[in-house]
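Please look through the model below with the sequence alongside.

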Amino acid sequence: AQVYLISSLRLSAAKVGICNVGTGRVAKHEGRGWRLFKATDFAAGGAARTVEREVLAEWRAQGWQPVRDGGATYDGYTETAPLSQEVSVESLWRDIKDIQTLLADRR
């Protein structure tokens with residue numbers, strides 16, 4: 001399994017997601033204008049799912065609402081966060097890796 005972080009300049013948004021390695025999920029997003037920032041592999045899908053869930057909980061705790069495309073919804077929009085001068089894909093990736101490390105240390 002894999003956790004990935006992609007971004008859209010047009011929407012000024014980032015999206016966290018999970019998929020099985022080699023499924024083409026990221027390529028599907030790229031075909032819609034998203035760009036892969038980074039991805040990290042997991043031995044088990046459950047661990048990837050837990051990281052994604054914790055990341056989304058943190059984003060919502062920050063008060064960040066999902067980003068819609070002109071008010072419309074799209075595949076996976078609930079896994080998005082707005083980008084700004086204070087919130088970059090680099091800082092979001094650091095947070096994802098911190099959560100991954102924290103969860104691994106709990107085991």
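**From a loop to a helix pair**

Ser12 lies in the loop between S1 and S2; helices (H or I, at least four residues) and strands (E, at least two) are DSSP runs, numbered from the N terminus. This is a predicted model, in which local features need pLDDT of at least 70, side-chain atom pairs count only at pLDDT 80 or more, and totals for chains, interfaces and linings use all residues. Residues are numbered from 1 along each chain as its sequence is written, and side-chain values use heavy atoms, with hydrogens and water left out.

Although Ser12 is not a glycine, it has a positive phi of about 50°. Most residues other than glycine have a negative phi. With a relative accessible area of 38%, Ser12 is partly exposed; buried means under 20% relative accessible area, exposed over 50%, and partly exposed in between (1.4 Å probe, protein chains only).

Helix H3 has 18 residues and reaches 26 Å from its first C-alpha to its last, close to the 26 Å expected at 1.5 Å a residue. The expected span is 1.5 Å times one less than the number of residues in the helix. The buried residues of H3 are Val89, Ser91, Leu92, Trp93, Ile96, Ile99, Gln100 and Leu103. These buried residues pack against strand S1 (2-8), strand S2 (13-19), strand S3 (35-41) and H2, where contact means heavy atoms within 4.5 Å.

Why does Gln100 count as buried? Gln100 counts as buried because its relative accessibility is 16%. Not counting residues up to four places away in sequence, Gln100 touches Thr40, Phe42 and Val51. Leu102, also placed in helix H3, is partly exposed at a relative accessible area of 45%.

The axes of helix H2 (residues 45-61) and H3 come within 10 Å and cross at roughly 125°. Axes are lines fitted to C-alpha atoms, for helices over the stretch in contact, and angles run from 0 to 180 degrees between N-to-C directions. H2 and H3 are therefore oblique to each other, since angles under 35 degrees count as roughly parallel, over 145 as roughly antiparallel, 65 to 115 as roughly perpendicular and the rest as oblique. The contact is made by Thr50, Val51, Glu54, Val55 and Trp59 of H2 and by Leu92, Ile96, Ile99, Gln100 and Leu103 of H3.
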